[in-house]
Amino acid sequence: MAEISLSENERDGVGELMNVGVGKAAAALGQLVKAEVELSVPRVYLVPLDEVERHTPVSGVLPIAGSYSNFSGPFQGALGFVVPARTRPLFLKLALGTEFDADDAEVLEGDLLLEIGNIICNACLAGVSNAFKIDLATAPPVYFAVPPREALTAMIGSHADSHVLLVELDFSLRQGEIRVFLWLAMDEPAIASFRDHLGRYLAELGL
Amino acid sequence: MPSTVAETPKKDAIWTAAQIGDHLDIGLALFAADGRIKSWNRWLAEGTGIAEDTAVGQRLDEVIPGLTGHLLVTCIDQALEAGMSAFLSHRLHPTLLPLTTRRDGKSEPMSQNIVVKALGPPGRGAAALVQVFDVSGTVKNETELRRRKRQLDSARQQAEEASQAKTLFLTNVSHELRTPLNAVIGFAELLRTEQQHPPTPEQVEMIDMIGANGRRLLALIGDLLELSRIEGGSMTLSMEPIDLSPLLLEVHQNLELLGRKSDIMVDSDLPPPGRWTVKADRLRLGQVLSNFGSNAIKYNRPNGRVGISCQETSQETLRITVSDTGRGLSKTARQDLFKPFQRLGQERGSIEGTGIGLAISKRLSELMGTPIGVDSEVDVGSRFWIDLPLVAPADIAPTVDKVATTSAASVKEKSILYVEDNPSNMMLMERIIARLPGATLIKAVSGSEGLEIAHAARPVAIVLDIDLPGMDGYEVLRRLRADPTTAAIPVMALTAAAMARDIKRGREAGFFAYMTKPIDIPAFLGTLAKAVGVDD
């Protein structure tokens, strides 16, 4: 597998794109959960599919939960919103507040992650398509609660050349803060196309 | 990877897409790039009461004004402008579209899940397909399941609370009955061993009856608690090799006393010491045999006979039989004999009893793994038996009576503080300590008084009740330990709190010894001697 890495400029560029996206998502999320939501400046890494678990503090066995949307356009792939196993109960508590008891929260988890993931993923992809001046379309989101490898396989298949753009962000809701992840998974041709567009975008910015 | 582009129906198809849509059991609405409705299927028309002709050509929030600014409208706009699909759940949005569903003949608000799917590239050619799913049935099932789960949780909690209340009740009953029994049994024992004015042989016999009945009452309390513990699965046994001779002699003597009142002759074939050693819990085996024996006397005929005998039924098994010459038991009566509250037809008769003795015996034998049973013949009599495993006569624990006796005389020239609020128990302790030459009893009736006296008088040992008014014994112990003047004085608990968890707590609290009422005088004196360091 060819080693692909992002330059510092590229990493800053992706971080800024995602920042715009998640900024919009924060407002939409606030409307959904009826509370002020803040999302931190994202931290970005590009890693091979095999190394995602090593770069993400998630257990390889315990199920993660979240949702992903497949997208298509000049490059295609899947963008996933990922909540690690240990964080899931806290995420639900923060997102739902005290309006729901534990039983309800369990039932609500799937739908909540579908909607919140969808809002964030859509906002991020919209940010990318605006910046790159391209059209990206998304399919309806898909919920998952499986170990990380199974989630990635569902998102992108098991192509050896696939990479994942890991976007780590802190998600503040009500009185607490939790760390969640965005996984932008693409195969090698899609990564190349994405970097072309990113390069043009950075050039326009004079970087 | 799924495609995001919907297939376009062919022009020469027999059914148009719109016609097919009208036959689907989901809601379908197609929105053009300008956000206006292009298609509105029959399912939606019937559910909302808005005809397709009315809806087509308008924006959703024009057709349904209540949806202005709604997330659904935002999602449709986002699908058209940015190509982003979305999902909206009934769980997070109780009101999506104003749809109703019919269930059990009634019209109800419909629970919906909605998928907004972006079709085609964003911009002029864009379209958005809204799919509405009726999930009311699922919601109703989930609600019902959660309601039942809550009911079960509530019932479980109630059962746990009832169980705790029962345990508390049993603890209190045990404590309240043991406290007066302490005085009854203790004074009987003192009276029997009075040196200055020794009782006559007739008086000794009567005192023995007081003591025996006190102990029987104590045993009954224990039985009730034990039945509860057995039923609750918390009974523990101490299985060890025991010489049958002294145990059978003890049972025989008790039965003789009992039989004398009813003109029943107790005639046992008792083994000599060391003849048979069996593996059993001594206390429980004695309880089973006493129960067999007391039943044999109670249900016997006037001038009848009762006997205890042993017989090896194999090289490994010894059968102890308690036989009587009573009315005997029919086959039907034998079937229910070991069930609780069976009174052998004496439910309204004059024979005393609770009807739990044989049930306890049965459960105890099951716990020990030693079968019990009955052979009987109507008008001839019954033979209740228990089969026990024979073992080699080794490792039999020695008795401790000698230690207590020698120690009792060793507590001299010492002051002992007793903190107790019950006057009878205090008087009993006075008499016990009075028998120790040179020993003085200092009395306190509350924890606070006990602390003051302990600080001022510095006794060599403190005997402390636990259930004291105001400050309980645990707090008194804590304060004694915190005061450098009293920190080193050994403190013995003497209490009617005799449940297993009370004893465990007492041992963990740091008492020199935790002794339960009714007081076992020799054992108490032995422990006291150890506490003051004169144990020889």
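Which residue is the bridge partner of B:Ile308 in E12(B)? In this predicted model, where local features need pLDDT of at least 70, side-chain atom pairs count only at pLDDT 80 or more, and totals for chains, interfaces and linings use all residues, the partner turns out to be B:Val322. Side-chain values use heavy atoms, leaving out hydrogens and water, while residues are numbered from 1 along each chain as its sequence is written, and chains are lettered from A and ligands numbered from 1 in the order in which they are written.

That pair belongs to E11(B) and strand E12 (residues 317-324) of chain B, which run antiparallel and are joined by 7 bridges. Strands (E, at least two residues) and helices (H or I, at least four) are DSSP runs numbered from the N terminus, and two strands pair if DSSP finds at least two bridges between them. E11(B) and E12(B) make a hairpin, with 4 residues between them. E11 (residues 305-312) also has 2 bridges to strand E9 (residues 265-266) of chain B, this time in parallel, and here B:Met265 sits opposite B:Arg305.

Another hairpin comes from E13(B) and E14(B), with 3 residues between them; in its turn, B:Asp379 has a positive phi of about 70 degrees. Strands E13 (residues 372-377) and E14 (residues 381-389) of chain B are antiparallel, with 6 bridges, and B:Ile372 is partnered by B:Ile386.

Next comes an open sheet of 5 strands in chain B, ordered E16-E15-E17-E18-E19 with parallel pairing. Its edges are E16 (440-444) and E19 (513-516), each pairing on one side only. From one strand to the next, the twist averages 20 degrees. Helix H13 (residues 423-434) of chain B packs on this sheet, touching E15, E16, E17 and E18, and its direction makes about 165 degrees with that of E16(B). Contact means heavy atoms within 4.5 Å, and angles run from 0 to 180 degrees between N-to-C directions, with axes fitted to C-alpha atoms (for helices, over the stretch in contact).

Now for helices packing on each other. H9 (residues 282-298) and H11 (residues 357-368) of chain B pack at about 150 degrees, with their axes 10 Å apart. Among the residues that meet are B:Val288 and B:Phe292 in H9(B), and B:Leu358 and B:Leu364 in H11(B).

Finally, helix H6 (residues 136-192) of chain B has 57 residues and reaches 82 Å from its first C-alpha to its last, close to the expected 84 Å (1.5 Å times one less than its number of residues).
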